[in-house]
2 protein chains.
Amino acid sequence: MSEVHAARRSRLSDRCAAAGRAAVLVSRPANVRYLAGAAPDGSVLLLGPAEDVLLCSRDPSGDLPPRPAAETAPSERLTEDLRVLVLPSPGEDSAVAAAGLAAAAGAETLAVEEHHLTVARHRAAASAAPGLRLADLGTAVEQQRLIKDEEEIARLRIASEIADQALGELLESILVGRTERHLALELERRLVDHGADGPAFATSVATGPNAGAAGHLPTDRRVEEGDFLNVRLGANYRGYRCELGRTFVIGTSPAGWQIELYELVFAAQRAAREALVPGTAYREVDRAARQILDAAGYGEGLGSSTGHGVGLEIDEDPQLSTEGMGKLDVCVPVAVEPGVHIPGRGGVRIDDTLVVRPEADGGPELLTITTKELLAL
Amino acid sequence: MSEVHAARRSRLSDRCAAAGRAAVLVSRPANVRYLAGAAPDGSVLLLGPAEDVLLCSRDPSGDLPPRPAAETAPSERLTEDLRVLVLPSPGEDSAVAAAGLAAAAGAETLAVEEHHLTVARHRAAASAAPGLRLADLGTAVEQQRLIKDEEEIARLRIASEIADQALGELLESILVGRTERHLALELERRLVDHGADGPAFATSVATGPNAGAAGHLPTDRRVEEGDFLNVRLGANYRGYRCELGRTFVIGTSPAGWQIELYELVFAAQRAAREALVPGTAYREVDRAARQILDAAGYGEGLGSSTGHGVGLEIDEDPQLSTEGMGKLDVCVPVAVEPGVHIPGRGGVRIDDTLVVRPEADGGPELLTITTKELLAL
């Protein structure tokens with residue numbers, strides 16, 4: 001992978017360093033990982049003006065397990081062509097050190113990620129290198145991450161297989177009487193059993209009246225006969241995160257209202273999946289799902305988006321939302337996840353991870369292949 | 001708890017709003033939770049100039065499970081005396097809306113958390129309220145969080161009991177042949193079984209040559225006879241996080257070098273615990289442990305700190321480090337966690353959570369009571 005990361009860095013440098021004596025400072029962990037192959041706790045990446053350097057500060061909390069946000073792939077070594085500088089003083093801010101290094105190497109401007117760097121770090125970096133002009137890199141790295149290469153898609157495919165397996169195994173076990181918390185923990189254990197580095201996000205299990213609620217966190221409620229059971233999980237496989245969500249009915253056969261609601265959400269989700277065509281506006285994908293739920297009177301409860309990009313982060317660009325700006329490209333992986341929640345009764349959500357592909361190649365590639373039939377468990 | 005949060009807000013306002021027409025914007029999630037009782041995803045808290053308002057923006061990813069950083073305690077309702085404003089537009093930044101609200105209510109200055117707010121959000125907030133002067137609140141809320149009330153300590157006590165129980169149960173099971181990953185997952189399941197909202201941090205299980213390594217993440221290595229087994233875990237109980245770490249030997253009896261190393265780290269950890277006296281400088285606590293390990297030739301491998309505060313975050317002030325500035329107060333809970341790692345052989349870490357108490361009351365209160373005898377399992 002080392003050439004891949006070097007090529008990504010060159011591409012970014014070419015785009016940003018037109019002026020010649022400009023350097024770039026990348027601080028957002030997922031962006032550092034994308035460009036360097038790893039993002040140790042507290043590290044930043046300096047591109048140019050002379051050479052590329054990964055600066056790592058030994059965090060004061062370095063003897064605690066690293067926090068989820070700052071991940072390192074232990075299996076991936078840093079590329080040999082990338083200089084790694086461990087800061088001598090543990091309290092030192094890597095962004096400040098990078099600004100000093102850039103100035104010493106003759107940089108006149110340093111583009112930083114103003115949407116990630118705090119005001120305090122930005123000021124400290126400016127003070128450390130008074131001659132250096134700080135500019136805004138904006139979301140240049142995020143934009144570069146939008147279209148995935150086949151190696152990235154392969155990781156997402158494996159992540160999706162793992163999530164499918166974990167969910168499939170759960171469905172074979174007895175569910176009635178078990179709590180949402182226990183089911184969620186069991187799913188996370190199974191994800192790791194099947195080779196995930198961890199869950200892609202906090203697994204959500206929602207039963208009965210909780211089913212379908214956006215952002216539901218597992219509770220001690222137990223699965224009961226007649227419940228809707230809504231499960232959302234994802235695997236993190238070598239940094240890449242997928243999303244899989246399904247809704248089931250507990251018992252011998254679903255009630256009429258459950259079948260009706262399920263078919264409605266299924267139709268909306270299918271419409272969004274079918275809209276995943278290169279050149280389609282992000283908001284058109286959202287609209288495809290939204291107008292179906294809207295027509296049935298469930299538009300109010302919908303969030304602003306019915307899907308989003310996935311990759312090194314579980315929620316990244318593009319936003320498939322009413323406000324999303326842009327058009328789909330080939331090789332953009334997205335999660336499509338409309339849902340309906342009826343307070344007091346429950347609801348339905350269906351989440352899939354797919355990759356936008358040319359129509360000539362058969363259209364969107366579905367990565368999460370667990371059945372979307374309404375199963376009664 | 002609602003009066004508690006209101007009292008905390010008054011205390012902060014009194015401290016910061018001496019000028020009369022000043023308002024305060026709190027954005028760091030743990031700080032928002034401390035002052036409001038909950039910190040929904042993307043929320044900020046505005047104090048004054050008229051009334052206190054919690055501004056929640058429905059995040060574009062609101063239909064995903066919330067990220068670990070932004071926690072809400074579902075069991076705690078927001079206090080009735082606190083106005084909650086849900087922003088109408090989902091893409092709206094709550095910090096920007098708060099700046100507008102402060103200006104409209106007649107504030108002249110707004111103190112923000114420059115160590116948390118990004119450059120981009122800070123600029124957007126300034127643009128939204130051109131007449132408003134943005135100042136730096138600094139770490140005023142973090143400093144207020146330093147000394148805990150008895151309700152907070154009670155939560156830490158329960159969190160510690162949960163961690164003790166989870167570890168105790170694991171020790172009764174067969175360990176040889178199981179992987180670090182599985183043991184870590186089982187511990188996390190047991191934490192939740194016993195009432196934790198989740199793990200306080202990513203559970204670390206380190207075996208054989210991995211044991212004692214700072215920041216070790218569980219691997220697929222299996223427990224073997226003769227290994228050191230190092231376990232670090234903590235429970236999050238209603239927002240409060242503790243830390244418990246122990247090292248064991250697998251097999252019938254420890255080797256000579258294992259006993260020697262264990263006794264050394266135990267002596268260092270005990271020295272740090274005994275130094276937890278009101279009025280002692282943070283760095284003296286660190287030095288108590290450090291000089292023992294240093295004298296034995298293990299000073300090099302030590303990080304910059306041998307302990308830290310715990311509370312709503314697992315690593316908060318005070319830092320018990322070579323660079324820590326300040327002196328211990330009564331009712332400050334800390335984790336004390338020195339360790340030694342010998343590359344290729346393994347090592348020992350011992351972590352406890354304690355509360356600083358007056359000497360007249362019997363000295364530091366040990367919350368994590370799992371034995372520190374060297375057990376052969």
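Reply: A crossing is left-handed if the near helix is turned anticlockwise from the far one by less than a right angle, and right-handed if clockwise. Helices (H or I, at least four residues) and strands (E, at least two) are DSSP runs, numbered from the N terminus. This is a predicted model: local features need pLDDT of at least 70, side-chain atom pairs count only at pLDDT 80 or more, and totals for chains, interfaces and linings use all residues. Residues are numbered from 1 along each chain as its sequence is written, and chains are lettered from A and ligands numbered from 1 in the order in which they are written.

Me: How many helices and strands are there in chain A?
Reply: Both kinds of element occur in chain A. The count is nine helices and 19 strands.

Me: What radius of gyration does chain A have?
Reply: The radius is taken over C-alpha atoms, and the globule rule is 2.2 Å times the number of residues to the power 0.38. For 377 residues, a compact globule would come out near 21 Å. Chain A agrees with that, at 23 Å.

Me: What percentage of the residues in chain A is buried?
Reply: Buried means that 20 or more other C-beta atoms, placed from the backbone, lie within 10 Å of the residue's own. Chain A has 377 residues. The buried part is 54%.

Me: Which hand does the crossing of helix 8 and helix 9 of chain A have?
Reply: Among the residues that meet are A:Leu264 in helix 8 of chain A and A:Val285 in helix 9 of chain A. The crossing of these two helices is right-handed.

Me: How do helix 6 and helix 7 of chain A lie to each other?
Reply: Helix 6 (residues 150-171) and helix 7 (residues 180-193) of chain A have axes 9 Å apart. They pack at an angle of about 135°. Helix 6 and helix 7 of chain A are therefore oblique.

Terms used. Buried ≥ 20, exposed ≤ 12 C-beta atoms within 10 Å, placed from the backbone. Contact = placed C-beta atoms within 7 Å. Axes fitted to C-alpha atoms, helices over the stretch in contact; angles between N-to-C directions. Parallel < 35°, antiparallel > 145°, perpendicular 65-115°, else oblique.
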